[in-house]
Amino acid sequence: MLYKYGLIAYSFCFVLFFASVQMSASAQDILINQDESKVPPYILPDPLVRADGKRITSSQQWLQYQRSVMLKLFADNVYGRMPGKPKNMWFKVYSIDSNALQGKAIRKQVTIFFNSTASAPSMDLLLYLPRSAKKPVPVFIGLNFYGNQTIHADSGIHLSTRWVMNDEKLGLVNNVATGASRGKDASKWAVEEVINRGYGLATAYYGDLEPDHPDGWKTGVRTTMKRELSINENEWGAIGAWAWGLSRIMDYLETDAAVDAKKVVITGHSRLGKACLWAAANDQRFAIVVSNNSGEGGAALSKRWFGETIEKINTSFPHWFVAAYKQYNKHPELLPVDQHILLALIAPRPLYVASAAEDLWADPKGEFLSAKNAEPVYALFGKRGLGVTEMPAVDQPVGETIRYHIRTGKHDFTLYDWQQYLDFADKQFGKE
Ligand code: GCU
């Protein structure tokens, strides 16, 4: 009986909620809060409570039952369905330089073709490996924002010919990258540091998967691969497409004998940090997961009203998530999950969440609390989380299997960040 009334009340909420979504479509102003004293109370869903009210008490129960239930809630309400590996994928290593970066690295460039046709949709992978390596190496992988040639001034990097967002300062003109874009985003990529520490670095341009604008799906994999992957373009969003591409990079790395594919660290900054987390939740081949300033729709809690909101992100970037996510624009409290559960889907794998002190838009405290609230799932596996209840001071990383820092400075991916992630990976891989 109670259950029946519950259902009626629930449906009523939905009616109200759809009505308000309609109203919000014309609303101009989206209220943003960046004042901690104004954060209203909110309730986080408990990842360990099953739909029937029973409690998950073991890692087996989590892995055999609850994990897939939670993953599906994210697919249905936030990111969309994640298709698998295409059947006729193949790789063409089109360039190898064994004497790259002043002899420190091997540079490989690989086209990942998503089907066997001559005009197959593809992505272009750039891979640096430490030349001194005597055995397969662990690798960091992450997508980049403006084309592979922007991550380092190395003139041997293939210049992307894909659509890019215009930015004259970066050498991106008429939606094409010019030679002037070489190395323009290098400050975000500590290539030498990674190589010197004995790791490889794999990256691809996210626009190879889907150009980042509302019509990008028309030329991206959501359209070009829809038949092979048996998925309609509206069943997933751009973040889903980018995340899918990260798994395709992993498919290649598994075939490269110079790579230790059991030791792949997936990372991403900002919107690409969101894609990194969603990729890692779906694909358990990624051994360590690093979210850099991923914010709303990434590591930050969405029910906590601080910084970017669901409504704001869905309005500015209507192509990132599935349509169902827009239902929560005015009512984040009705979302059956929150981002701590996305982080929990990474358990028991090591997870690093990082914020920046001046990046209030990404809600540093919301990222910290999200990591904190993922702890009970890690605890099922006997894994220790942050080890603190309050946010640490700036530049003071905390935690074990879940680690967190808030760096001095702005929304960015800095050398300091890379150094913390390398230390973390060394420790987790027993490399010290
Ligand atoms: C915008 C957006 C964020 C995103 C960021 C980025 O600020 O609102 O959600 O993380 O861009 O990708 O740099």
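Which residue stands opposite Thr203 in S7? I looked, and Gly142 does.

**Ground rules.** I am working with a predicted model, where local features need pLDDT of at least 70 and side-chain atom pairs count only at pLDDT 80 or more, while totals for chains, interfaces and linings use all residues. I number residues from 1 along each chain as its sequence is written, and side-chain values use heavy atoms, with hydrogens and water left out.

**Strand S7.** I take helices (H or I, at least four residues) and strands (E, at least two) as DSSP runs, numbered from the N terminus. For burial I use relative accessible area: buried is under 20%, exposed is over 50% and partly exposed is in between, with a 1.4 Å probe and protein chains only. Six of the six residues of S7 (residues 200-205) come out buried, so the strand is largely enclosed by the rest of the structure. I checked both faces: Gly200, Ala202 and Ala204 point one way, Leu201, Thr203 and Tyr205 the other way, and all are buried.

Next I looked up the neighbours, counting two strands as paired if DSSP finds at least two bridges between them. S3 (residues 122-130) runs antiparallel to S7, with four bridges joining them. Leu126 has Thr203 as its bridge partner in S7. S4 (residues 137-144) pairs with S7 in the parallel sense, over six bridges.

**Cavities.** My grid is 1 Å over the protein atoms alone; a cavity is a set of points where a 1.4 Å probe fits but cannot get out, and lining residues have an atom within 4 Å of a point. Points are joined across faces, edges and corners, and a volume is the space filled by probe spheres set on the points. I get two cavities of 30 Å³ or more.

S4 and S8 (259-269) each supply at least two lining residues, and S8 gives the most, with three. For classes, I count Ala, Val, Leu, Ile, Met, Phe, Trp, Tyr, Cys and Pro as nonpolar, Asp, Glu, Lys and Arg as charged, and the others, Gly among them, as polar. That lining has five nonpolar, four polar and one charged residues.

The second largest cavity holds about 40 Å³ of space. Asp124, Asn148, His158, Ser160, Tyr205 and Asp208 line it. By class I have one nonpolar, three polar and two charged residues there.

**Aromatics.** I pair rings of Phe, Tyr and Trp (its six-membered ring) if their centres lie within 6.5 Å; planes under 30 degrees apart are stacked, over 60 edge-to-face and the rest tilted. I find 23 aromatic pairs in the structure. Trp189 and Trp418 make a tilted one, 6.0 Å centre to centre with 45 degrees between the planes. Trp189 lies in the loop between S6 (176-177) and H4 (191-196) and Trp418 in H13 (residues 415-428), so the pair ties together parts 229 residues apart in sequence. Both Trp189 and Trp418 are buried.

Tyr352 and Phe424 form an edge-to-face pair, at 5.2 Å centre to centre and 90 degrees between the planes. Tyr352 is in S10 (residues 351-356) and Phe424 in H13, 72 residues apart, which links distant parts of the chain. I noted both Tyr352 and Phe424 as buried.

I also found a cluster linked by ring pairs, with Phe145 and Tyr205 among its members.

Note on methods:
On a 1 Å grid over the protein atoms alone, a cavity is a set of points where a 1.4 Å probe fits but cannot get out, and a pocket is an open set with protein on both sides within 12 Å along at least five of seven lines; lining residues have an atom within 4 Å of a point.
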